[in-house]
Amino acid sequence: MLKDKILLPLDSSSAYTPWLWIGTWSMGGEGFGSHDERESLRVLRTAVDHNIRHFDTAGFYAHGKSESLLQKILRSDRRDFFISSKGGIVWSGREVRHRASPEDLKRQLYESLDRLKTDYLDLYQLHWPDPEVPISESIAALKSFQRQGLIRYWGVGNLTALQLKTTLRTERNIPHQAHFNPVHQDHDVLLAGQDLCINCIVSPLEQGLLGGGKSSSGMSGLGKRDLRNRNPCFSNPEVLKWNCRLNELVNKHSLSKVSVVLMWICSRPNVHAVIPGPREIGQLNELLEFKTEVERSGLASAGEDVSILSDEKTMNKIPDELWQHLNKGPENSQSVTGNGSTTSFSPTL
Ligand SMILES: NC(=O)c1ccc[n+]([C@@H]2O[C@H](COP(=O)([O-])OP(=O)(O)OC[C@H]3O[C@@H](n4cnc5c(N)ncnc54)[C@H](OP(=O)(O)O)[C@@H]3O)[C@@H](O)[C@H]2O)c1
């Protein structure tokens, strides 16, 4: 669609960057409730069987276990896959620390290459800007990895609109992982990335709150060691109230909550790819059904449009009261989820 002929695996015959990638954070087995590695591998292999080749991971996820898991599905046809990983934050006990100096990024990149048993990554991103290191220095390190052939593309994550405009002003088509969904409507960041970035939406289901499982009831549905206890959305009364109403509306209209939320996201301007993180095969199947529905329904944007789905066609497909509810988001959502300077799961929490 929009940004053609870029961000493809080396051996891809496709002409377009796909809009649906799969994220592996929750598959690593830490902090997202019960975990079964065989189930995670089934999810990944089924995704590959359905022609999904773009997978996102990070050294930070489950202390490297998400990368090690992903390695297990990389077959001899490595060049058929597009592996995106990230560096710049690390665990220190139960705390999260920024580590995005050139030396730190280099060490983290080599660790990722080791775990993934590969000699290159398709995409390596600054996971978060490090307050102690100018973003330009972190980016210079990523560019040097690219020159050395260690990575094919470089990208960024979690930059504010201002940071995007200042640090990427001379760049084009830089992948940016942005947190965006109906309870975290940071339109400014997407707009700032309009001409500079490929906006890749992460945590589209707000880590499960906008799905249909146990975690969708908020903190009461999470175990004590669940990482999502740190996400303020899971305990915020306004968000939970809004989410209950969303449940009522999708039930009333017999619609899939996941499809409705993803459809809304994909129809927002300047959304170029979406990266959900399924933990179970049923969840992956929901995503595959959504993908098929999108491809068959004729909802895709035409030509030069700036979103994945046509706003007008999508709006006509979703009942008005539901559409309005999604557009509005929770009351006081800026104070709930941040003002664009941070996301709900900021590493500084
Ligand atoms: N750059 C960054 O800073 C950053 C930050 C966050 C994420 N990411 C990337 O984005 C990916 C996705 O984000 P995320 O895992 O935080 O959140 P997400 O995709 O919004 O939510 C994933 C959770 O939603 C629930 N779920 C219910 N139905 C689902 C379905 N059909 N498909 C997928 N999930 C469903 C599952 O939890 P339950 O089983 O508990 O219901 C699952 O663990 C990550 O894997 C990672 O690659 C990047």
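Colleague: By class, what residues does the shell around the ligand have?
Modeller: In this predicted model, the shell is made of 16 polar, 10 nonpolar and four charged residues.

Colleague: Which residues are the closest to the ligand?
Modeller: Of the 30 residues that surround the ligand, the closest are Gly23, Gly208, Gly211, Gly213 and Gly277.

Colleague: And which helix gives the most to that shell?
Modeller: That would be helix α9, residues 281-297, which supplies three residues.

Colleague: Nice. Switching to the inside of the protein, how many residues are in the largest nonpolar core?
Modeller: That core has 79 residues, and Ile201, Ile265, Cys266 and Val274 have the most contacts inside it. Helix α8, residues 257-266, gives the most to this core, with eight residues.

Colleague: What is Ile265 in contact with, leaving aside its neighbours within four places in sequence?
Modeller: Ile265 then touches Phe180, Asn181, Ile201, Pro204, Val271 and Val274.

Colleague: Now strand β7. Why is β7 largely enclosed by the rest of the structure?
Modeller: Because five of the seven residues of β7, residues 151-157, are buried. Strand β6, residues 121-126, pairs with β7 in the parallel sense over five bridges, and Leu126 stands opposite Val156 in β7. Between β6 and β7 the chain passes through helix α4, residues 135-147, in a right-handed β-α-β crossover.

Colleague: What about β7 and β8, how many bridges join them?
Modeller: Two bridges, and β7 and β8 (residues 174-179) run parallel. Val156 has His176 as its bridge partner in β8. The chain gets from β7 to β8 through helix α5, residues 161-167, in a β-α-β crossover that is right-handed.

Colleague: Last one: do β4 and β5 run parallel or antiparallel?
Modeller: Antiparallel, with four bridges joining β4 (residues 89-92) to β5 (residues 95-98). Trp91 stands opposite Val96 in β5. Their hairpin has two residues between the strands, and Gly93 takes a positive phi near 60° there.

Methods: Residues numbered from 1 in each chain as written. Predicted model: local features only at pLDDT ≥ 70, side-chain atom pairs only at ≥ 80, totals over all residues. Pairing = 2+ DSSP bridges. Near = placed C-beta within 6 Å. Nonpolar A, V, L, I, M, F, W, Y, C, P; charged D, E, K, R; others polar. Core = buried A, V, L, I, M, F, W, Y, C linked by C-beta atoms within 7 Å. Buried ≥ 20, exposed ≤ 12 C-beta atoms within 10 Å, placed from the backbone. Contact = placed C-beta atoms within 7 Å. Right-handed = clockwise from strand over helix to strand, strands pointing away.
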